[in-house]
Amino acid sequence: MRVSVLGGGSWGTALADVLARQGNEVSLWLRDTAVAQDINGKHENTRYLKGHVLPDTLTATTYLPSSLKDAEAVVVVIPTPSIREVLREHAHSIPTQVPIIAASKGIENGTLMTVAQILEDVLPEVYEPYLAFLSGPSFAKEVCAQQPTAVTIAASWHKVAERSQALFTAPYFRTYTSTDVLGVEVGGALKNVMAIGAGIADGLGFGHNTRAALITRGLAEISRVGTVMGANPLTFMGLAGMGDLVLTCTGGLSRNRTVGVELGKGKKLEQILEELGMVAEGVKTTASAHDLGKKLGVEMPITEAVYQVLYEGKSPKQAVVELMSRAPKSENQ
C-alpha cells in the first residue's frame, strides 16, 4: 500500500518505519527541509532518531499534497496544537474512503476537543466513518529497535479498526482493536499529565512508594473523567490506559516525565522545554485537562497540582504537601 504519514518527529518516523518494513510505500511529511534531505539521502532522521537506518521504501517530503497523493491510508502524527491548522488547509488533498489513523495524543486548548473530535470538526463528514486512533505504551526508539510492543487501535466502525490493525501488524508490533475511541484518546492524553507529576516526584527525590501512589491515583483520576465523558471504564485497564500510564510515568525515554523531573529539581519550564528540543504534549494538555475537570465538575487533584506548578508558579514541594494533606476519603470516590 501507499501510506502517507503526517509528522516527522520521533513517533511519526517510528510509525513510518514500521509501515515501510511491512512492504508499504511510505511518504513522510515534515516541515524541516534538512531532516527531509537526511531521510532521503542518508536514510536517517538525524534530529529525532539519530543512528537508526530507515528503509529505502520510506521517503520524506516537505510538500504535504505530494505526500497525500494516491495514499491508501493516512497516519496523522502532528502535534495536537497544530492539527487543526494543518488539516484545515489541506483537507481537500486527503483521499476519501481510506483509513485516517491519528496517533497524536492530547486535548486542544480552548475547545477541549480530543484529536478525533478535532478531525471531525475540521474534515468534511464523508471522512468521519474512516477515522481511527492509535495509542498505547510505545516509545519510538524501542519500536525502531524492533522491541516487542503492543498498542490499541480504536475506531467507531470496526472494519476500519481491523483495516488499520492489519496495516500496522508486524512481528514486533502487535495491535489490538477497540471501538471506544473516546476512552483510548482520554487515556492517551491524560497520562501525559500524570507523567509530569510522576517526574516531579522523582525530581524531588521521592521513591517507589510515591510513584506507585501517583500512578494508581492518576489512573483513578483518568477513569473518573473518561467515564463522565462516556468512555468504557474497562478501556482504562488496558494498553491505552494503565499500560501507557505506567510506561510514561516510569520510563526514562518519556519526555513528559523528563519535564517533571527537571521541574522537581528546580529548573524553570522555559529552560526545560528549550533543552528538550521536542514536544512534550503534557504541558499544554495539563491546561486543557484542568479546564475540562472544571467544566465537567470532576475532581482532579493531581492534574490541579501539576497545573499549579506549570502555570501558577507553585513550588513542586508545596504541591506535593498539599496533595498529601487533602481530607481523608474512600478510595473509590
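Is Cys144 buried or exposed? In this predicted model, Cys144 counts as buried because its relative accessibility is 6%, where buried means under 20% relative accessible area, exposed over 50% and partly exposed in between, with a 1.4 Å probe and protein chains only. Cys249, at a relative accessible area of 0%, is buried. With a disulfide defined as a pair of cysteine sulfur atoms within 2.5 Å, the count comes to zero.

Residues are numbered from 1 along each chain as its sequence is written, and side-chain values use heavy atoms, with hydrogens and water left out. As the model is predicted, local features need pLDDT of at least 70 and side-chain atom pairs count only at pLDDT 80 or more, whereas totals for chains, interfaces and linings use all residues.

Helices (H or I, at least four residues) and strands (E, at least two) were taken as DSSP runs, numbered from the N terminus; two strands pair if DSSP finds at least two bridges between them. Eight strands form an open sheet of mixed pairing, in the order S3-S2-S1-S4-S5-S6-S7-S8. Its edges are S3 (58-61) and S8 (173-178), each of which pairs on one side only. Within the sheet, S1 (residues 2-6) and S2 (residues 25-29) pair in the parallel sense over five bridges, and Val3 stands opposite Val26 in S2.

Contact denotes heavy atoms within 4.5 Å; axes are lines fitted to C-alpha atoms, for helices over the stretch in contact, and angles run from 0 to 180 degrees between N-to-C directions. Helix H1 (residues 10-21) lies across S1, S2, S3, S4 (73-76), S6 (131-135) and S8, and runs at about 170° to S2. Helix H10 (residues 239-250) lies across S6, S7 (149-155) and S8, at about 145° to S7.
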